[in-house]
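Some labels in a structural description only make sense once a value is set beside its cut-off.

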Amino acid sequence: MKTKLVAWLAVVTIVTVTGCANMQNLSPDKSKQESSPSGANADRAPCAEKVLPQPGIKSEADSLIDYYLSMRKQPKEKVLKEQAEASKAVQTLPSASNRIKLALLSNLPITGVQDSQRALNLLQETIKDESLVDVVLKNLANLLQAQFYKEVRQEESLQRARDDQKRLESLAAKQDDAIQALTLKLKEEQKRYDTLQSSIQTKQEDANQATIILNQKLKDEQKRADMLQQKLDALTNIEKTIIDRQQQEKTEPKK
């Protein structure tokens, strides 16, 4: 992301400078007319005058790009110090260069306190600054604003994705907890069912055993009853025999 940004910064600087340089290659009469401070072309003179640096002298845009590249390699403490100084510089002199410098520092992720919104506000102030006649700086501010805005949207998308991932993980964790709780409850219910089933089986076995014992007792009682009945029948027969004999003796005549 930052590598692409650096490449685009270089491209926009070259394109803008080349465009202004082409103004110098016009015919003498036409160039003289366009360099005149009067008329519709009066605002073109500052472009050639401010954008094109003297040979061997870097433009403000080039210096800002070099500064940005150097700050990317610095430790966090150094960047934070530079950021604080740049913030004071903007308060003292809110120039385009100072604003862009602070915007670049505010958007460096190495600080851990990346403030893309602050950077966008600074760039927007630079773009709206009607007193700014340096086209390269204005184009640089436009490019940075578009890039930072894109990064903000990408970061928001990533954050939403991270939030969605967290929600999904939280939901999955809750579902796992619910499944574990339900599984534990089912195990407890199964345990109670097995205990109850075992108790019922034990009682059924006890009942079967009691039935067997009772049936055996009934058989024994029936057997004793049959024996008693036989004895009673025998006694009855004996008694009847005695009675019949006595009656027979009474009916026989005495000799």
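**Labels and the values behind them**

Arg 99 has its place in helix H6, in a model that is predicted.

Q: What makes Arg 99 count as buried?
A: The relative accessible area of Arg 99 is 11%, and buried means under 20%, so Arg 99 is called buried.

Q: Which backbone atom lies 3.1 Å from a polar atom of the side chain of Arg 99, and why is this called a polar contact?
A: The atom is the backbone oxygen of Pro 94. The limit for such a pair of N or O atoms is 3.5 Å, and the distance of 3.1 Å is within it, therefore the pair qualifies.

Q: Why is Glu 151 called buried, and where is its place?
A: Glu 151 belongs to helix H8, residues 135-251. Its relative accessible area is 10%, which is under the 20% cut-off, so the label buried applies. The side chain of Glu 151 also makes a polar contact with the side chain of Asn 107, at 3.0 Å, and this distance is within 3.5 Å, as the term requires.

Q: How do you know that the buried residues of H4 lie on the same side of the helix?
A: In H4, the buried residues are Ala 61, Leu 64, Ile 65, Tyr 67, Tyr 68 and Met 71. They cover an arc of only 160 degrees around the axis, which puts them on the same side of H4. As a general point, an α-helix has 3.6 residues a turn, so residues three or four places apart point the same way.

Q: Why is Lys 101 said to lie over the face of Tyr 67?
A: Lys 101 is at 4.6 Å from the ring centre of Tyr 67.

Q: How does the span of H8 compare with what is expected at 1.5 Å a residue?
A: H8 has 117 residues and reaches 168 Å from its first C-alpha to its last, close to the expected 174 Å.

Q: Which residues touch the most other members of the largest nonpolar core, and which elements supply it?
A: Among the 28 residues of this core, Ile 100 and Leu 137 touch the most other members. Two or more residues come from each of H4, helix H5 (76-92), helix H6 (96-106), helix H7 (116-128) and H8, and H8 gives the largest share, seven residues.

Note on methods:
Residues numbered from 1 in each chain as written. Predicted model: local features only at pLDDT ≥ 70, side-chain atom pairs only at ≥ 80, totals over all residues. Heavy atoms only, no water. Buried < 20%, exposed > 50% of the residue type's maximum accessible area, 1.4 Å probe, protein only. Helix = DSSP H or I, 4+ residues; strand = E, 2+ residues; numbered from the N terminus. Arc of directions from axis to C-beta. Polar contact = N/O pair within 3.5 Å; in protein donor to acceptor, adjacent residues only side chain to side chain. Lys NZ or Arg CZ within 6 Å of the ring centre and 35° of its normal. Core = buried A, V, L, I, M, F, W, Y, C linked by side-chain atoms within 4.5 Å. Expected span 1.5 Å × (residues − 1).
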